[in-house]
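Me: Hi! Could you walk me through this model while I have it open?
Reply: Happy to, let's bring it up.

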Amino acid sequence: MTNPDLVKRINKFYKVEDILEKLFNIRLFSDTIICPFHDDNRKSAKVYHDKDGDRIYCFTESKQYAISDILLFKGERLEEWDPGRNKDLEELMMNESSTSIRKEKITLDRFKSGEISMSEFFRILIDN
Ligand SMILES: [Zn+2]
């Protein structure tokens, strides 16, 4: 199950032109594009810049793709794209006043090494 807050953060944070270039090697020159989600031979899709985030609408499929949908389509893990991820980790590293700082650092190392997932990581921190 995908975390709806994470989806919201991702969709607001990333620009569709950056995502298309990174994942599909598509340069955006206009708002109408060849749809990257189906075998398209004309420009069936249009890019929209909404306040909740950019999205692509494909008129052939009658289907809408938010940034998070594009990432999932390409088999990306949304957790890896969490814009708050590095900030949280940085803040944790800076948090020298905490009494459980040593335990936090060990937990952080376990997370970084891939031994525990991010949700396990935060659960351990909250339990401390
Ligand atoms: Zn399409």
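Reply: In H2, the buried residues are Val16, Ile19 and Leu20. Buried here means 20 or more other C-beta atoms within 10 Å of the residue's own; 12 or fewer is exposed, and anything in between is partly exposed, with C-beta atoms placed from the backbone. Bear in mind that this is a predicted model: local features need pLDDT of at least 70, side-chain atom pairs count only at pLDDT 80 or more, and totals for chains, interfaces and linings use all residues. Numbering runs from 1 along each chain as its sequence is written.

Me: Where do the buried residues of H2 fall, seen down the axis?
Reply: They fall within an arc of 100 degrees, so they line one face of the helix. The arc is that of the directions from the helix axis to the C-beta atoms.

Me: And what do the buried residues of H2 pack against?
Reply: Strand E2 (45-50), E3 and H3. Contact means C-beta atoms, placed from the backbone, within 7 Å. The helices (H or I, at least four residues) and strands (E, at least two) are DSSP runs, numbered from the N terminus.

Me: Which residues of the largest nonpolar core touch the most other members?
Reply: Val16, Ile19, Ile67 and Ile70, out of 14 residues in that core. H2, E4 and helix H3 (67-73) each supply at least two of its residues. A nonpolar core is a set of buried Ala, Val, Leu, Ile, Met, Phe, Trp, Tyr and Cys residues joined through C-beta atoms within 7 Å.

Me: Tell me about Ile67, what does it touch?
Reply: Not counting residues up to four places away in sequence, Ile67 touches Ile10, Asn11, Tyr14, Val16, Ile19, Gly53 and Asp54.

Me: Switching to the sheet: what's the strand order?
Reply: The order is E1-E2-E3-E4, in an open sheet of four strands with antiparallel pairing. E1 and E4 stand at the edges with a single partner strand each, so one side of each is left without a neighbour in the sheet. Two strands pair if DSSP finds at least two bridges between them.

Me: How many bridges between E3 and E4?
Reply: Four, in the antiparallel sense. Across that pairing, Tyr57 stands opposite Gln64 in E4.

Me: What about Arg55, where is it?
Reply: Arg55 sits in strand E3. It counts as partly exposed because it has 19 C-beta neighbours inside 10 Å. Leaving aside neighbours within four places in sequence, Arg55 is in contact with Tyr48, Asp50, Gln64, Tyr65 and Ala66. Arg55 and Lys15 are 40 residues apart in sequence and 9.1 Å apart in space, C-alpha to C-alpha.

Me: Now the loops. What is phi of Asn25 near?
Reply: It is near 60 degrees, a positive value in a residue other than glycine.

Me: Is Asn25 buried or exposed?
Reply: Exposed, because Asn25 has 8 C-beta neighbours inside 10 Å. Ser62 also counts as exposed, with 7 such neighbours. Ser62 lies in the loop between strand E3 (53-58) and strand E4 (63-66), and its phi is near 50 degrees, again positive in a residue other than glycine.

Me: Zooming out, what pattern does the protein chain follow?
Reply: Along the sequence, α-α-β-β-β-β-α-α-α-α, with six helices and four strands. Buried residues make up 16% of its 128 residues.

Note on methods. Contact = placed C-beta atoms within 7 Å.
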